[in-house]
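Subject: Structure handover

Hello,

Here is the structure I said I would pass on. My notes on what was found in it follow below.

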Amino acid sequence: MTKTYHFIGIKGSGMSALALMLHQMGHKVQGSDKDDYYFTQRGLEQAGITILPFDKKNITADVELIAGNAFKAENNVEIAYADAQGIAYKRYHEFLGDFMKGFTSFGVAGAHGKTSTTGLLAHVMRNITDTSFLIGDGTGRGSENARYFVFESDEYERHFAPYYPEYSIITNIDFDHPDYFTSLEDVFNAFNDYAKQVTKGLFVYGEDEQLRRVTANVPIYYYGFAEGNDFVAYDFKPSTIGSQFKVRYQGEELGQFQIPTFGKHNVMNATAVIANLYIAGFDLNLVAEHMKTFAGVKRRFTEKVVNDTVIIDDFAHHPTEIIATIDAARQKYPNKELVAIFQPHTFTRTIALLDEFAEALNGADAVYLARIYGSARETDTGEVKVEDLAAKITKKGGLVTVENTSPLLDHSNAVFVFMGAGDIQAYEYSFERLLSNLTNNMQ
């Protein structure tokens, strides 16, 4: 009998992507999760993948278990049952480490930018050749005949420890996940260990001082804007429709490239992809052609217009990411007031980076804050409140709730940027409903 893959926590972004990929490869797939709506479940539902409530009855003799990393015996009945019965299961990253051995694999790691970079790399490669991929926005594609596999390589809790990709990009090293990592040096050590597991070529952002310290057992190629990198992006021409730039490799011009995305960080992500595919032997004319059609990934600078008002949804939840998102918004909308609506994600991160959050958010023209979204991994000790961050913000704004986003209506010629990794979309939807209910003469 063919086993069914049962995903415990199937709505997780990595889990849903893996479930979709296995489903497309012809495997039987099902999963369980909480009833709360999460943006990844639409793709699962469209694919006809069954999503069940958590229940130990889901674990039968004909299922192979893949468990989401957040779920433990103390917080999940299925894990508790499996442990009690001695039923084996693999964590997402353990399963993935075994799975990728059947392909030429391309990993994308980094504290920030890995989802967008993975998405771009996967988009270009799948348009050139048959490629399977897993992206951290919940997107996955599986093909039985694919030679190549593109995946997001996550550093949290050193989940990338089982991965031995042929190639890998590392976009940056930054102190994040303070609930797990003890310091920037601890983060560096994790990435440095991962770098040594790459088997053919490593591509790192050369203007990151931590990445310059990384050592590997394969050639390291540096990319960036500055001379002294192996791959140099230059002649950058930002516009309101995207970004144009050229790349040269050790003095040799590789061509002109155009991406329909915004901000210098996206140029760097694209340069990393160009570098990797050039060294891997891909035709750069095809790379350039398919970069032009990259539509982006979910919850990364996702735009919509409601009653002529531009709303941007972004996963940014770290100061570095907030700066990049604000930079991108200013490039695309140089003549609009930039209103940031931000929800801090996790109490530990908010405590550790309070001043950095304030400095990053002050780059907007107005700032509104939502309540801190705590992780299931932590408890609220009362040590930090969103008011503590608000006190450090120098721009106009204030606090908003899901029930009342009306203060945002004080801004007319504005673009509204909702940022966060919690339930910030609930605030966004509330504002959209408010806009939709306005009469025509109030637009």
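Aspartate 33 stands opposite proline 53 in E3. The bridges that join strand E2 (residues 28-33) to E3 number four, and the two strands run parallel. Two strands are called paired if DSSP finds at least two bridges between them; helices (H or I, at least four residues) and strands (E, at least two) are DSSP runs, numbered from the N terminus.

Before the rest, the basis. This is a predicted model, in which local features need pLDDT of at least 70 and side-chain atom pairs count only at pLDDT 80 or more, while totals for chains, interfaces and linings use all residues. Residues are numbered from 1 along each chain as its sequence is written, and side-chain values use heavy atoms, with hydrogens and water left out.

The parallel sheet

E2 and E3 belong to an open sheet of five strands, ordered E3-E2-E1-E4-E5, with parallel pairing. Strand E3 (50-53) and strand E5 (89-91) are at the edges with a single partner strand each, so one side of each has no neighbour in the sheet. From one strand to the next the twist averages 30°. Axes are lines fitted to C-alpha atoms, for helices over the stretch in contact, and angles run from 0 to 180 degrees between N-to-C directions.

Helix H1 (residues 13-24) packs on this sheet and touches strand E1 (4-8), E2 and strand E4 (63-67), its direction making about 170° with that of E1. Contact means heavy atoms within 4.5 Å. Helix H3 (residues 77-85) also packs on the sheet, touching E1, E2, E3, E4 and E5, at about 130° to the direction of E5.

Nonpolar core

A nonpolar core is a set of buried Ala, Val, Leu, Ile, Met, Phe, Trp, Tyr and Cys residues joined through side-chain atoms within 4.5 Å. Buried means under 20% relative accessible area, exposed over 50%, and partly exposed in between (1.4 Å probe, protein chains only). The largest core has 44 residues, and those touching the most other members are Phe7, Leu18, Leu22, Leu96, Phe99, Leu134 and Phe149. Elements giving two or more residues to this core include E1, H1 and helix H4 (92-99). H1 supplies its largest share, seven residues. Leucine 96 touches Leu134, Phe149, Phe151 and Tyr163, leaving out residues up to four places away in sequence.

The mixed sheet

Six strands make up an open sheet with mixed pairing, in the order E16-E17-E21-E18-E19-E20. Strand E17 (residues 309-314) and strand E21 (residues 414-419) run parallel and are joined by five bridges. Isoleucine 311 stands opposite phenylalanine 416 in E21.

Salt bridges

The whole structure has 15 salt bridges, each a side-chain nitrogen of Lys or Arg within 4 Å of a carboxyl oxygen of Asp or Glu. In the pair of lysine 304 and glutamate 432, the closest N and O atoms are 3.2 Å apart. This pair links distant parts of the chain, with lysine 304 in strand E16 and glutamate 432 in helix H13 (residues 424-437), 128 residues apart. Lysine 304 is partly exposed at 32% relative accessibility, whereas glutamate 432 is buried at 11%.

Glutamate 337 forms a salt bridge with lysine 396, with closest N and O atoms 3.1 Å apart. Glutamate 337 lies in strand E18 and lysine 396 in strand E20, so the pair ties together parts 59 residues apart in sequence.

Regards
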